[in-house]
Amino acid sequence: MVVPRAPEQPHQDQDQDEEVLVPHQDVVEGPQPMEESASTIENQLMPDTSTSRFTWSIEFFSKRNVRKHYSDDFLVGGYKWRVLVFPRGNNVDHLSMYLDVADANVLPPGWSRYAQFSLAVVNQLDSKLSSRKEATHQFNARESDWGFTSFMPLVDLYDSSKGYVVNDKCIIEAEVAVRRTVDFLNYDSKKVTGYVGLKNQGATCYMNSLLQTLYHIPYFRKAVYHMPTSENDTPSGSIPLALQSLFYKLQHSDNSVATKELTKSFGWDTYDSFMQHDVQELNRVLCEKLENKMKGTTVEGAIQKLFEGHHMNYIECINVEYKSTRKESFYDLALDVKGCSDVYASFDKYVEVEMLEGDNKYQSEQHGLQDAKKGMLFIDFPPVLQLQLKRFEYDFVRDTMVKINDRYEFPLQLDLDRDNGKYLSPEADRSVRNLYTLHSVLVHSGGVNGGHYYAFIRPTLQDLWYKFDDERVTKEDMKRALEEQYGGEEELPHTNPGLNTTPLRFTKYSNAYMLVYIRESDKDKIICDLDEKDISEHLKTRLRKEHEEKEYKKKEKAEAHMYTALKVARDSDLAEQIGRHVYFDLVDFDKINSFRAPKSMSINEVKEELSKEFGIPVQSQRFWLWAKRQNNTYRPNRTLTLQEETSAIGLLKDATINKLQNSEVRLFLEVHFGQQNHPIAPPVKTREDILLFLKLYDPEKEELRYVGKLIVKASGTPSDIVKRLNLIAGFPPDEDIELYEEIKFEPSVMCLPIDTEVSFHLSQLEDGDIICYQKRCSPDKMDQYRYPSVSSFFEYIHNRQVVHFRLLQKPKGDDFSLELSKCSTYDDVVEKVAHKLCLDDPSKIRLTQHNPFSQQPKPHYIKYRGLDHLSDMLHHHSQMCDILYYEILDIPLPELEGLKTLRVAFHNATNNEVSFHSIRSPKSSTLLELIENLKSKVELSCKDAEFRFFDVYLHKICKVYEPADKLDSVSDHHGPLRIEEVPGEEKIAGPRDRLVHVYHFFKDNHHIQYFGEPFFFLIHDGESLSDIKVRIQKRLQVPDEQFLKWKFAYFAFSRPEYLQDSDIVLSRFQQKYIYGAWEHYLGLEHTATTPKRPYLASQNRHSLEKAVKIYN
């Protein structure tokens, strides 16, 4: 069949970057990455800074009939700038505003400039209410404008009462600071600094900064080197070996080092590498993991010796002789930044004494309620002191995490013995001098929604600092490492005369986040010498081989322009591949050996080499070029000409891949054999001759194999070669056979019968075409075979799909695999799964799709017959995957989908016990009807009991339902639905009595933390706190000894007001809603029974970060 070759397509690189701050694009903003690339430019900055403020008054703002509007140009730092606004938004319902390089289209190639800027819409009624946003960016030809697609809501902008557009005039203000940059294109970190960086896998800068810090603590590095590993271990499966390998490469490599082996040893996949985590949390998790792996080895306890310190919590009575103490260990200290000017102020706050007096007296076991002092002092500090700065905290008013960019100073030398050892406990060893020297400063640049990490380190504690910013290492001075990382505001004076000379202030979003100090007296032990004896021989051998392979590949790459890859496919290759891993077309070139041939070598010289390689005489070799046809098949197209055979191989171009940098030449070697199977010279090929390839199909064995090739005359007919085909197949000469032409296989299979009486020419058969043949199937045998014809077999091969099924509750590992067809219906798939699981009813199987990006199950299951075919189930956006998750239900899925399954926590009014249930009811039923189902499972206090239904989230009541609400409107995503009997006292409540929310809480570093189960409580008119206490203690059944320590507070908008026993509590609750205003509630302060460490470990975590897990 004549099929024209596909036209060559121009190659286009697509690279789309989407940032928190974005270049203006006429599209809605998309997902935002974790790392802000602009911040990584910081190490390129030079001191030269030019600043200016530009004001732009836009008259008739609402009447402008343009989608986007540019300001006049203005000069800063010798560069032209302008402001770009979208008065009606850039496809969003917000004002869109950007800073633009005005002359970007005439600048020379490769230009770039770095600017720190702010854009503002001036409030003309009160300038303090102006809307302002700040950013930094490296402007270049690809990103010549940068700013904010969603600057401020249009509804606020055009509301004249708010002052942003007054008399149809809008005033825009731009403040720009331009800094000179250094071109790091050819920068060599090793040559300049002696150190190398770590490659960023996507969002692993936080890990890189920590690894560099740990690596430059030689005692830690030595301990890692001495962890036992063997030559049979693989770095990707062993954390110790991966870390050893990484440290060795940092020590000896000339280029930046990859971290993929290490993250693989953590059990991380690509998704984890693109998910930014908290560096402090990673530090804790990694050290804990290493500590466990060091147990039972020569380096057991090394982590503790480096990082472990101890402090003592105490409560000391003032008027009686009683003191309670508790010793605790720590590996790092979390210091407050907010409200503290420096590290010493944080330590002062850390050991601050709290007076327990008045209503807050301490309940002593021996002496009852006593005035007391509560505090914490340090017993000992570790040799390496890690200080975590609490730059992130939860803002309870705004209900969100915020970053604290306040100025916070830290000294080069930290004296923790100051003021006569005020931080030390009486048991502390005063002979140890706690004088520390700053070793490293880990910096976070960015905001709460993401950013970038890097580290300033003094490897030898000398004056010279180095900045480790992913792949790049630079020398830095002390001011850069210390003062510029304090945070706060940066003030930049104007450099352009004649303009407003008010200094420009910018918030410094880059600031210290973690500090590492080394004790002076332990300095020589910590900054110790390492030699080759510390590194195991098998590690050196492994990495030496890696280096040799890398150098060989490097050399090969450098010489690539002199060579070409030559791949020659032969009959033996086709016979080996077809029917095993190739069914369509002829050969998979990825499995063909490649010859590295000089481009100057001629084809005749290649023949000489192949004669030695394959034992085929030169005169018996004839080469064909391959070509990709328009229908995406890949076939031999034509023989080489005599001129081509004498020409250099580098001149041969494979039309399908000649756009590749290192294109390979692909040939088919045609060889004919004579008597005794000796190679002979190929027959002269004329225009009348056609080279056809032959495949034989056996429907009984379901087997396809390559059986050779034939040269036929175009004027001849297939019937002329039937006897020869039978001979090749080993059939009787008169065997009745069917012939098919294999035409294409994408997007669908086309394999059509050949009329044996029509000439090859009229059948449109040409060089490189494939004839598939088989014994003709009689009608009585058609039903005996699954795939009786070549075409049906090809359909099966094309659609077959091996699917890996995983139990939904165990989504990490395969449970079993099934070979299915992409065309399988929903019913086909669940039937096969049910059969595999020996389950009689396939409708009890529920399937869930796989997300190949997160490597996790999708959040919603596949509804009964919700997807037609297996191909739909395996499709995710533009990707196909081969994983499905399954569950075995106790009732058929169609029946289950008509029901609502709710997790319920029932609170019994009689004994106050809580029982948990999973209840199914029709979606259309009401909560009251749900009770009928529940009654068979719980014991009620009385027959005519009334019920209350509510949700709890983060230990607070978040929603109350009415009994008539439909079940379909109820969600149990945050936890089980709470159902409780309404107490009898509520049924006889007075008209002024009030039902309020009651929450349990404790204070942790001045933060309110809620815990336990919230509840409703009826407060009577005129009831004092002392009376309420009696009823609450009875309801919660709290022992007297514990209850005496409890404190009660009235909360309004998350602010506590502590109550006295004589206070009339209801007077605080003014509004008269059925269940009380959500902002007003009664708080019970007492010790939390839930562990605090998870909170402490995550309190600095950004809103887009997930918990760190190391799986291996």
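**View 1. A hairpin joins strands E50 and E51.** Leu 954 takes a positive phi near 55° in this hairpin, which has two residues between the strands. The model is predicted: local features need pLDDT of at least 70, side-chain atom pairs count only at pLDDT 80 or more, and totals for chains, interfaces and linings use all residues. Residues are numbered from 1 along each chain as its sequence is written, and side-chain values use heavy atoms, with hydrogens and water left out. Strand E50 covers residues 947-953 and strand E51 residues 956-961; they pair in the antiparallel sense over five bridges. Two strands pair if DSSP finds at least two bridges between them. Asp 951 has Lys 959, in E51, as its bridge partner. Helices (H or I, at least four residues) and strands (E, at least two) are DSSP runs, numbered from the N terminus.

**View 2. Phe 86 and Tyr 98 form an aromatic pair.** The structure holds 49 aromatic pairs. In this one, the rings are edge-to-face, 6.0 Å centre to centre, with 80° between the planes. Phe 86 is in strand E4 (residues 79-86) and Tyr 98 in strand E5 (residues 94-101), 12 residues apart. Rings of Phe, Tyr and Trp (its six-membered ring) pair if their centres lie within 6.5 Å; planes under 30 degrees apart count as stacked, over 60 as edge-to-face and the rest as tilted. Phe 86 counts as buried because its relative accessible area is 0%. Tyr 98 is also buried, at 0%. Buried means under 20% relative accessible area, exposed over 50%, partly exposed in between (1.4 Å probe, protein chains only).

View 3. Tyr 826 belongs to helix H21 (residues 826-836). Tyr 864 lies in the loop between strand E44 (856-861) and helix H22 (870-873), 38 residues apart from Tyr 826. Tyr 826 has 3% relative accessibility, so it counts as buried. Tyr 864 has 26%, so it is partly exposed.

**View 4. Ring pairs build a cluster.** They link Phe 330, Phe 347, Tyr 350, Phe 378, Phe 381 and Tyr 423.

**View 5. Charges sit over the rings of Tyr 215 and Tyr 1058.** The charged end of Arg 221 is 3.9 Å from the ring centre of Tyr 215. Lys 1047 lies over the face of Tyr 1058, 5.0 Å from the ring centre. The cut-offs: NZ of Lys or CZ of Arg within 6 Å of the ring centre and within 35 degrees of the ring normal.
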